[in-house]
Amino acid sequence: MDTVTVTDLVVDRGRRQVLNGLSFAVPTGQVTGLLGPSGSGKTTLMRAIVGVQQVRSGEVSVLGVPAGSPGLRSRVGYVTQAPSVYEDLTVRENVRYFAALYGMRSPEVEAAIADVGLIDTGGQLVRDLSGGQRGRVSLACALVGCPDVLVLDEPTVGLDPVLRVELWGRFHALAATGTTLIVSSHVMDEAGRCDRLLLIRDGDLIADSTPAQLRADGRSNDLEEAFLNLVRAREEVGVSGQGRGPRSEAAGDREGAPRGSEQVSRA
Amino acid sequence: MTASMTPTVRAGATHLSPRLTAATAARVLRQLRHDRRTIAMMLVLPSVLLGLLYLLWKDVPTLPGRPSIFDQVGLTMLGIFPFVVMFLVTSIAMLRERTSGTLERLLTTPLARLDLLLGYGLAFGLAAALQAVITVTVATTVYGLDVTGSVYLVVLIAVVDAVLGVALGLLASAFARSEFQAVQFMPVIVLPQFFLCGLLVPVDQMAGWLQAISHVLPLTYAVEALQEVGRSTAATGTMWADVGIVAGAALLALALAAATLRRRTS
């Protein structure tokens with residue numbers, strides 16, 4: 001059973017094509033990781049799933065209806081990369097407001113604050129919190145709606161390792177109750193924590209897999225290494241086969257160049 | 001279990017919901033409550049400025065049988081202060097919603113766009129009511145401002161003016177990309193209305209084309225309504241018509257502001 005289905009999705013931002021016709025499905029009740037370097041199109045893809053992104057062509061369907069349908073607004077939670085909460089409200093006041101929007105009450109508010117480990121800071125103004133704490137407030141504001149689909153853009157950036165493990169535990173606990181999670185990350189060491197993986201690079205889907213399958217396909221136990229092997233294999237094919245114009249030629253020319261710096265420069 | 005494949009549209013998911021409007025107004029007021037200095041300025045500043053005008057005209061002689069200049073100007077200012085203050089406060093508040101990402105986030109929730117805007121209108125309208133009660137009380141007791149009609153009507157008109165300021169501020173913020181730009185909309189939108197509203201020069205003494213402009217600017221009607229209250233003991237039909245026009249202009253601005261909120265962006 002699939003919660004999200006994406007078919008031939010093409011998205012332009014400005015004059016640049018950011019997503020080049022992606023197709024995939026996200027299964028229900030699992031944690032699906034969206035992995036790729038920054039600038040690869042992860043955020044744009046998540047925005048399309050939430051229904052706030054203008055798309056050029058293709059279809060995105062969530063829970064059986066087109067993404068962005070009014071009926072989905074109480075069922076899809078979205079946490080942006082930059083914490084989007086009110087700095088001049090306390091943690092609890094923020095969560096309470098979003099709870100009201102989703103028709104939730106006090107027990108859900110306290111549960112959401114506890115889930116992100118902010119019980120002791122509930123009464124503090126968000127502007128007095130650290131960056132990582134603000135991100136957790138933002139997450140709590142989505143958790144409080146008890147959504148069926150939770151779209152999280154880099155939720156663990158800047159968190160200490162202990163808390164990161166706790167949050168991943170929380171994500172899997174939610175998945176176990178039937179929630180579908182889509183979690184983006186540009187750190188490959190988080191890929192191993194996902195049930196499924198979508199690897200995107202330069203707006204193309206280069207793998208739709210599981211961590212185990214990716215290790216096998218990429219001929220490495222290290223997911224980052226496996227990812228790189230897949231990218232290299234793909235680009236060798238790209239030069240002769242796919243013919244995406246100047247870009248694939250350029251990729252061929254720079255075959256020996258270090259990939260890491262190229263990824264950063266595209267960010 | 002929770003993820004059934006048939007989405008159920010919760011009642012009022014995208015339509016106007018008094019509950020969500022109220023929740024939004026309460027949130028805006030809570031934000032204000034954490035900003036004590038803004039509250040103090042909002043509540044006290046108009047009274048202080050009015051005091052300055054009082055001292056300015058205190059010793060200027062008036063013609064017998066005519067109201068003093070302070071009575072005329074002071075009364076009008078009771079409508080202009082809330083308009084200007086709420087315009088500024090709202091355009092900055094809404095710009096912050098945009099730049100902090102909270103606006104985009106709100107648009108992914110069941111909150112209707114008009115719920116958000118009416119929430120702002122309600123919150124700042126309430127703040128304006130408190131401001132108006134304080135300013136009117138200080139004006140009539142400390143500065144001896146003489147109002148022929150009911151002071152309750154003065155408060156009512158002040159609140160409607162404030163809501164107009166809120167609505168125009170929400171609309172203006174859609175065209176501002178930065179705080180600098182947002183603040184610059186004050187002279188663009190507020191000052192021409194102030195110059196042409198009939199306080200500096202009576203509308204019927206302006207050049208024809210200026211009168212035409214004056215007649216399409218809502219603040220003109222707000223000032224006329226206050227002048228009506230200053231002139232006659234009972235509420236006049238003209239005054240109610242003026243209040244209706246100002247309220248209508250505020251609703252129009254809110255509707256236009258709602259149209260500027262796009263759920264889907266590039």
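Reply: Ile200(A) stands opposite Leu205(A) in strand β10(A). This is a predicted model.

Me: What makes β9(A) and β10(A) a pair of strands?

Reply: A pair needs at least two bridges. Strand β9 (residues 196–201) of chain A is joined to β10(A) by 5 bridges, so the two count as paired. They run antiparallel. The two strands form a hairpin with 2 residues between them, and Asp202(A) in the turn has a positive phi of about 50°.

Me: Why is strand β10 of chain A called mostly covered?

Reply: Buried means under 20% relative accessible area. In β10 (residues 204–209) of chain A, 5 of the 6 residues are buried, and therefore the strand is described as mostly covered.

Me: Which strands form the open sheet in chain A, and in what order?

Reply: The sheet has 4 strands in the order β2-β1-β4-β5, with antiparallel pairing. Its edge strands are β2 (16–27) and β5 (65–66) of chain A, as each pairs on one side only. Strands of a sheet pair through backbone hydrogen bonds, either parallel or antiparallel.

Me: How do you know that β1 and β4 of chain A pair?

Reply: The test is again at least two bridges. Strand β1 (residues 2–13) and strand β4 (residues 57–62) of chain A have 5 bridges in the antiparallel sense, so they meet the test. Within this pairing, Val6(A) has Val60(A) in β4(A) as its bridge partner.

Me: Why is Leu63(A) called buried, and where does it lie?

Reply: Leu63(A) has 0% relative accessibility. The cut-off is under 20%, so Leu63(A) counts as buried. Its place is in the loop between β4 and β5 of chain A.

Me: What is the phi of Leu63(A), and of Glu154(A)?

Reply: Leu63(A) has a positive phi of about 50° although it is not a glycine. Glu154(A), also a residue other than glycine, has a positive phi near 45°. Most residues other than glycine have a negative phi.

Me: Is Glu154(A) buried or exposed, and how do you know?

Reply: Glu154(A) has 7% relative accessibility. That value is under the 20% limit, so Glu154(A) counts as buried. It lies in the loop between β7 (149–153) and α5 (161–176) of chain A.

Me: Why does Leu153(B) count as buried?

Reply: Its relative accessibility is 14%. Since buried means under 20%, Leu153(B) falls in that class. Leu153(B) lies in helix α6 (residues 151–173) of chain B. Leaving aside neighbours within four places in sequence, it is in contact with Val229(B), Ala235(B), Met239(B) and Trp240(B).

Me: What lines the largest pocket?

Reply: The lining has 23 residues, and Gln72(B), Thr76(B), Gly198(B), Gln227(B) and Arg231(B) lie nearest the centre. The elements that give two or more residues to it are α3 (69–100) and α9 (218–231) of chain B. By class, the lining has 10 nonpolar, 8 polar and 5 charged residues. Gly198(B) is one of those nearest the centre, and it belongs to the polar class because Gly is counted there. The volume of this pocket is about 650 Å³.

Me: How much of chain A is buried, and how many helices and strands does it have?

Reply: Buried residues make up 55% of the 267 residues in chain A. Chain A has 9 helices and 10 strands.

Definitions and conventions
Residues are numbered from 1 along each chain as its sequence is written. Chains are lettered from A and ligands numbered from 1 in the order in which they are written. This is a predicted model: local features need pLDDT of at least 70, side-chain atom pairs count only at pLDDT 80 or more; totals for chains, interfaces and linings use all residues. Side-chain values use heavy atoms; hydrogens and water are left out. Buried means under 20% relative accessible area, exposed over 50%, partly exposed in between (1.4 Å probe, protein chains only). On a 1 Å grid over the protein atoms alone, a cavity is a set of points where a 1.4 Å probe fits but cannot get out, and a pocket is an open set with protein on both sides within 12 Å along at least five of seven lines; lining residues have an atom within 4 Å of a point. Grid points are joined across faces, edges and corners, and a volume is the space filled by probe spheres set on the points. Contact means heavy atoms within 4.5 Å.
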